[in-house]
Amino acid sequence: MLIGELEDCAENQSATNVAAECLNALDCIAIVSQDARRGIVGMGGIKAVAKVIREHGHHGQDKAHVEVVKCGLSLLTRVAINQSMIPQLARESIAAVMDVARNHSRNPTILKPLFHLLTMMAFDVNTLELIREENAISFVIDTLCNMYKFPAIVMQTITVLETIGTASTGHARVVADEGGKTAIKAAMKAYKRRKSGTDQAVYQGAKDALVMLDSVLLLEATKRLKADHDYYYGSSLDPALLGDSRKLNSKVAVRRRRDYKIMVNPYLSSPTNLGARK
């Protein structure tokens, strides 16, 4: 019945009070158990919520409509507690969520629960491609650069980028290529000079996020260098193929000029040392 009412509220956008009450009631039901959340998803609740927040999200800063959108995002976040439901939740709601994001790109009341939801969605690797297709990463970076007066929002944007970037080396590269690392560095520099506890928490969060992203990117570079090394010098796992790459018997041609001389270690004076001349 509640889901049916929500579908009607999507068509009748003046019924903001009814829509908010239905969403709050479903949120209370979702708290009860995992089975309750499964029931909401199974009966088409996610599609109904997505339709409601999309339609009511087009009314700008009107308080009644903003409250409906806020309640809808809260319910979606509640359902996302069940990680097994995140792929279906993302498929059925990510387009509506990002539509709301673009219509309320400077509204902290909407952005706070929205970024919380995006972070939970990003924990599932299967949904990251959907997030990327909706240009969510670019939107998060844009918000990070333009909402610097709101430390809580800045912290959430950094958390979203860190969660997406640490999923795999490919996602870390996407975050870096779209300017995520540059934006995080700028935030870290801006908040470093501020002395309040909240500002210092943002600074530390940005610093930690950069460390995590750099670690994933370094792992990618290490794998690439190892592949190149194995191609030219042979795999260290199969020393018999082209010689042991860790020793001097690697079978790789080296051109030397006629005036080539073996390097002499000046710190060793014994004439028996390799390279010493009489």
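Predicted model: local features only at pLDDT ≥ 70, side-chain atom pairs only at ≥ 80, totals over all residues.

User: What makes up the chain, helices or strands?

Analyst: The chain has 14 helices and 0 strands. Of its 278 residues, 42% are buried.

User: How do you know that the length of helix H4 agrees with its number of residues?

Analyst: Helix H4 covers residues 45-56, which is 12 residues.

User: Which residues of H4 are called buried, and what do they pack against?

Analyst: Buried means under 20% relative accessible area. In H4 that label goes to Gly45, Ile46, Ala48, Val49, Ala50, Val52, Ile53 and His56. These buried residues pack against helices H1, H2, H3, H5 and H6.

User: Why is H7 called oblique to H9?

Analyst: The axes of H7 (residues 108-122) and H9 (residues 136-146) cross at roughly 140° and come within 13 Å. Roughly antiparallel would need an angle over 145 degrees, and roughly perpendicular one of 65 to 115, so H7 counts as oblique to H9. Leu111, Phe115 and Leu118 of H7 make the contact with Phe139, Val140 and Thr143 of H9.

User: What else is Phe115 in contact with, and where does it sit in the largest nonpolar core?

Analyst: Beyond its neighbours within four places in sequence, Phe115 has contacts that include Ile153, Gln156, Thr157 and Val160. The largest nonpolar core has 74 residues, and Phe115 is among those with the most contacts inside it, along with Leu114, Ile158 and Ile184.

Note on methods:
Residues numbered from 1 in each chain as written. Heavy atoms only, no water. Helix = DSSP H or I, 4+ residues; strand = E, 2+ residues; numbered from the N terminus. Expected span 1.5 Å × (residues − 1). Buried < 20%, exposed > 50% of the residue type's maximum accessible area, 1.4 Å probe, protein only. Contact = heavy atoms within 4.5 Å. Core = buried A, V, L, I, M, F, W, Y, C linked by side-chain atoms within 4.5 Å. Axes fitted to C-alpha atoms, helices over the stretch in contact; angles between N-to-C directions. Parallel < 35°, antiparallel > 145°, perpendicular 65-115°, else oblique.
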